[in-house]
Every structure is written in C-alpha cells, then in structure tokens.
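Let's take a look at a protein model together.

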Amino acid sequence: MPRAGLDPAAVVAAGAALADEVGPANLTMGLLAERVGVRTPSLYKHVSGQEDLNRRIAALALSEAADAVGGAVQGYAGRDALAAAARAFRAFVVEHPGRYAATIGVEPSGPDDPLATAGQRLLGAFTAVLRGYEIKETDADHALRMLRSLCHGFATLQAANGFQWSVDIDESFEWLIAFADRGLRAG
C-alpha cells in the first residue's frame with residue numbers, strides 16, 4: 001500500500017528538490033526514500049528506477065522553465081522579450097540548479113515523451129523572442145542555439161559560483177542581453 005499523499009508527482013517533486021540541494025549526480029533512490037519517509041522499495045510503486053526518476057525530473061524542469069520563460073515574454077517583443085526571457089531563464093537555473101542540470105544530455109524517447117513536449121514548449125518560448133528580430137528562417141536554429149548557449153552558460157556558471165571577481169553579476173548579465181540584442185539586430 002503506497003504511503004498516503006505519495007504519488008508519482010510527489011516523488012518527482014521531492015526528487016527535483018533534492019537534486020537542487022545535492023546535485024543530480026548525488027541523487028539516489030535511497031536518499032530520496034529517506035527524504036520522503038519511506039523505504040527505498042516503496043519508491044518503485046511510483047517510478048521504475050533511478051533512470052525513470054531522472055527523466056521525470058528533467059521533464060519537470062523543462063516544463064517549469066518553459067512556464068517561466070513563456071510567461072515572462074508575454075506581451076513583449078524585440079529587446080524587451082529577449083531581456084524578459086533571459087532573466088526568467090537565468091532565475092530558474094539559479095534557483096533550481098540540480099533539476100536544470102538533469103536536463104542536459106537527456107534524449108527524448110519519441111515525440112510523445114514528456115521530455116520532448118516540455119522541450120518544445122521551452123524552445124517555443126525562445127522562438128517567440130526571435131519573432132521580434134529580422135532573423136532569416138535559415139538562421140533561426142543558429143539564433144536559438146546562440147541564445148541557449150548565452151543564457152545556459154551564464155546561468156550555470158552563476159549557479160556554480162563561477163563568477164568570483166568584483167564586477168556586479170547583474171550588470172554583466174545586462175551587458176550580455178545588450179550584446180545578444182545587437183547581434184540579433186545585425187543578423
């Protein structure tokens with residue numbers, strides 16, 4: 001009999017929170033079972049194992065990031081949309097470094113995989129940003145990869161305390177947004 005209140009969504013949410021604390025590489029079924037107050041075998045009623053848990057955390061993270069970025073860009077265009085998307089993405093990664101890290105390198109198993117669905121929603125939010133620029137259709141993928149690289153790189157470095165010099169991090173991020181805006185306008 002599953003513990004009252006424990007279901008797959010609760011297990012994944014607890015796993016995501018734990019991944020944010022200890023990192024996805026240190027997240028184990030045993031540690032998660034301890035966190036939710038059950039014995040490890042009880043988790044297998046809700047997820048099929050560590051790989052399933054990791055994939056579900058990645059899908060949750062992509063979905064949450066898509067909600068954050070998609071909500072942030074509503075009603076904005078051009079530089080304002082770019083800035084809103086970049087700030088929302090950065091805030092998500094800094095607040096949830098473990099669950100975001102779980103998304104890196106995970107491949108969807110098919111078009112109906114929750115990873116694919118959530119990933120497409122996040123991609124769609126960044127694609128909406130590009131509509132405010134005169135990006136040729138043939139350059140859209142390049143522009144999306146550039147945005148992802150800039151935002152991902154900055155946010156993951158910040159989340160890992162990778163900026164240890166005296167210049168204000170927020171000022172540097174605003175500089176990055178202005179730089180990306182100039183590049184997108186030139187493209």
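The protein chain has 9 helices and 0 strands; both are DSSP runs numbered from the N terminus, with helices (H or I) needing at least four residues and strands (E) at least two. So what you're looking at follows the pattern α-α-α-α-α-α-α-α-α along the sequence.

A quick heads-up: this is a predicted model, where local features need pLDDT of at least 70, side-chain atom pairs count only at pLDDT 80 or more, and totals for chains, interfaces and linings use all residues. Residues are numbered from 1 along each chain as its sequence is written, and side-chain values use heavy atoms, with hydrogens and water left out.

Here are some values for the whole chain:

| Property | Value |
|---|---|
| C-alpha box along the principal axes | roughly 60 × 40 × 25 Å |
| Accessible surface (Shrake-Rupley method, 1.4 Å probe) | about 10200 Å² |
| Surface belonging to carbon and sulfur atoms | 54% |

Of the 187 residues, 40% count as buried, meaning under 20% relative accessible area with a 1.4 Å probe, protein chains only. Among contacts (heavy atoms within 4.5 Å) with a separation of 6 or more, 68% come from residues 24 or more positions apart.

Now zoom in on one helix pair. The axes (lines fitted to C-alpha atoms over the stretch in contact, with angles from 0 to 180 degrees between N-to-C directions) of α5 (residues 78-95) and α8 (residues 140-159) come within 9 Å and cross at roughly 35°. The contact includes L82 and F89 of α5, and L147 and F154 of α8.

Note on methods
Buried means under 20% relative accessible area, exposed over 50%, partly exposed in between (1.4 Å probe, protein chains only).
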